[in-house]
Amino acid sequence: MAVAISLGPRTGSPFGRGAPLAGGRPAGLERNRVEARTGSGMGRDGELAALMAAAQRGDASAYRDLLKACLPLVTGIARAQGVRGEAVDDVVQDTLMTLHAARASYDPARPFLPWLSAITRRRAIDRLRRAGRRPQEVHDPLAFEAEVDPGPAPGAGLESQERGAALARAVAALPDGQRQAVEHLGLRELSLEETAALTGRSKGALKVNLHRALKALRASLVPEKD
Amino acid sequence: MAARHDRLVEDLAGRLEPVRPLARPGLRAALWLGAVAALGGLLASRFAMIGLAHHPDLPDLRLAAAGAVLTAITAAYAAFATSVPGRSPAWALLPLPSAALWIGASGPGCLRAWLSPMQELPGGHEPVGCFGFLVCVSIPLSLLIVAMLRRACPLRPNLTAALAGLAVAAAAAALLAPFHPDEATFTDILTHMGVVAGVIGLNILAGGRLLTR
């Protein structure tokens with residue numbers, strides 16, 4: 001999962017899955033959370049700093065929200081440091097535990113993200129060093145030869161691009177009704193009700209159109225594939 | 001894997017206890033320097049100050065003492081600053097100019113003693129006395145600064161421990177200056193620098209491990 005990281009102030013909505021707000025929390029903190037969700041007011045750093053300050057006062061709910069919000073950030077920073085595969089999850093775990101142990105060292109008057117980023121980078125480097133000290137499997141020629149590369153094969157990107165272009169051409173060649181049915185129901189994955197409201201066609205007609213469209217696509221794409 | 005993270009988040013949130021944020025590095029360094037000053041006061045009440053005041057004609061001794069004081073202050077601040085995540089490791093460069101002044105100004109006394117044929121060589125007991133003084137002062141100061149640094153989260157434990165060692169060694173040298181009977185001789189310099197290197201090395205060895213999180 002690729003995660004975009006921005007250490008500067010941000011106005012986007014950072015939290016999609018925060019826990020419900022607990023009663024009795026300081027009004028300023030709740031306002032900050034709402035503002036962060038709606039993309040106004042303080043940036044992401046201010047929001048995280050407020051959560052961390054609440055966590056230092058012992059607010060477990062704010063702490064839970066903070067740690068959950070940190071997960072994608074820590075993952076992204078670890079990947080940027082060059083950590084790969086399952087080791088990323090280990091770095092996330094190490095970082096959260098260090099964050100917990102070192103939470104008194106965070107100064108609420110200073111930005112939160114540089115503090116988190118420094119801890120994550122250090123834990124990622126520790127992980128890479130430990131991995132470097134361990135004997136690598138590449139020293140075992142048989143195992144190395146037998147290793148299957150789980151990544152995409154060379155030219156996979158080009159191939160999928162060509163497949164996409166062929167599909168787009170075939171869909172564009174369909175009659176209007178069938179094309180709309182494929183685009184909305186098949187590609188955009190809308191429901192029958194939503195597509196009916198969008199196109200003004202009945203659900204029955206849409207089903208028939210989708211069925212015919214898929215049949216036509218199958219017929220037009222298979223020879224091209226050969 | 002998300003389940004593993006969720007479990008840890010719940011576990012950490014479940015055992016959350018309120019903590020008081022640590023004071024700024026400057027304030028924490030000032031507290032430690034206050035302890036150094038208190039130790040200096042204690043020593044002044046017990047021993048005769050026969051050092052700097054008896055050599056008004058040797059400005060390099062004062063300069064070396066001033067360099068040691070400045071090094072203790074800047075190295076202590078740098079140690080506390082580097083113990084906080086997110087602070088620049090470049091703070092480690094802060095004590096270098098004053099350390100250069102301290103070590104550089106200690107040199108002329110040594111050369112003068114060596115080049116002057118009339119100079120009376122110090123007896124063997126004096127360096128031993130200095131050695132004992134420096135070690136006895138360094139141990140409690142090292143323990144105190146490492147205990148204070150452990151409360152933060154030094155991400156570069158060896159660097160922080162080296163800075164702490166430099167601060168301790170400089171503070172010990174600064175405390176020695178008022179009580180040192182002679183001007184610095186070559187043997188003195190060797191003894192002092194040996195102790196300084198030993199204090200820094202021991203701090204890295206022991207402190208680096210103690211500070212690792």
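# Notebook: a predicted two-chain model

**Entry 1: chain B overall.** I began with burial and found that 43% of the 213 residues in chain B are buried. I noted at once that the model is predicted. I then listed the secondary structure of chain B, which comes to seven helices and zero strands. Read from the N terminus, the order is α-α-α-α-α-α-α. Of its contacts with a separation of 6 or more, 87% are between residues 24 or more positions apart.

**Entry 2: chain A overall.** I counted ten helices and zero strands in chain A, in the order α-α-α-α-α-α-α-α-α-α from the N terminus. For contacts in chain A between residues at least 6 apart in sequence, I noted that 60% join residues at least 24 apart.

**Entry 3: confidence.** I checked the scores before looking at details. The model has an ipTM of 0.76 and a pTM of 0.64. Chain B has an average pLDDT of 80, and 76% of its residues score at least 70. In residues 121-125 of chain B the pLDDT is below 50, and I found that this stretch has four contacts beyond near neighbours in sequence. Which elements of chain B have the lowest and the highest mean pLDDT? The lowest, 72, belongs to helix α7 (residues 186-211) of chain B, and the highest, 91, to helix α2 (residues 25-46) of chain B.

For chain A I wrote down a mean pLDDT of 77, with 76% of the residues at 70 or more. Residues 1-41 of chain A have a pLDDT below 50, yet the model gives this stretch 54 contacts beyond near neighbours in sequence.

**Entry 4: helix α2 of chain B.** I then asked which residues of α2(B) are buried. They are B:P25, B:R28, B:A29, B:W32 and B:V36. Viewed down the axis of α2(B), the buried residues fall within an arc of 105°, so they line one face of the helix. I also listed the exposed residues on the face turned away from the buried side of α2(B); among them are B:L27, B:A37, B:L42 and B:S45.

**Entry 5: nonpolar cores.** I looked for the largest nonpolar core and found 92 residues in it. B:A72, B:A167 and B:A170 have the most contacts inside this core. Helix α6 (residues 157-176) of chain B gives the largest share of the core, 16 residues. I followed up B:A170, leaving aside its neighbours within four places in sequence. B:A170 is in contact with B:A68, B:T71, B:A72, B:A75 and B:W102. There is also a second, separate core of six residues, including A:A181, A:V182, A:L185 and A:L210.

**Entry 6: where the chains meet.** I counted the residues in the contact, which takes 23 from chain B and 29 from chain A. The side of chain B that touches chain A has 15 nonpolar, two polar and six charged residues.

**Entry 7: helix α5 of chain A.** I repeated the length check on helix α5 (residues 113-133) of chain A. Its 21 residues should span 30 Å at 1.5 Å a residue, and its end C-alpha atoms are 30 Å apart, which agrees. The buried residues of α5(A) include A:W115, A:L116, A:I119, A:R122, A:R123 and A:R127. What do the buried residues of α5(A) pack against? I found α2 (44-56), α3 (60-80) and α4 (87-101) of chain A.

**Entry 8: two single residues.** I looked at A:E189, in the loop between α8 (176-187) and α9 (192-199) of chain A. Its phi is near 60°, a positive value in a residue other than glycine. Most residues other than glycine have a negative phi. Is A:E189 buried or exposed? A:E189 is exposed, because it has 8 other C-beta atoms within 10 Å and the limit for exposed is 12 or fewer.

Last, I looked at A:R169 in helix α7 (residues 156-172) of chain A. A:R169 has 12 other C-beta atoms within 10 Å and so is exposed. From A:R169 to A:L221 I noted 52 residues in sequence and 9.8 Å in space, C-alpha to C-alpha.

Technical notes: Residues numbered from 1 in each chain as written. Chains lettered and ligands numbered in written order. Predicted model: local features only at pLDDT ≥ 70, side-chain atom pairs only at ≥ 80, totals over all residues. Contact = placed C-beta atoms within 7 Å. Nonpolar A, V, L, I, M, F, W, Y, C, P; charged D, E, K, R; others polar. Helix = DSSP H or I, 4+ residues; strand = E, 2+ residues; numbered from the N terminus. pLDDT = per-residue confidence, 0-100. Buried ≥ 20, exposed ≤ 12 C-beta atoms within 10 Å, placed from the backbone. Core = buried A, V, L, I, M, F, W, Y, C linked by C-beta atoms within 7 Å. Arc of directions from axis to C-beta. Expected span 1.5 Å × (residues − 1).
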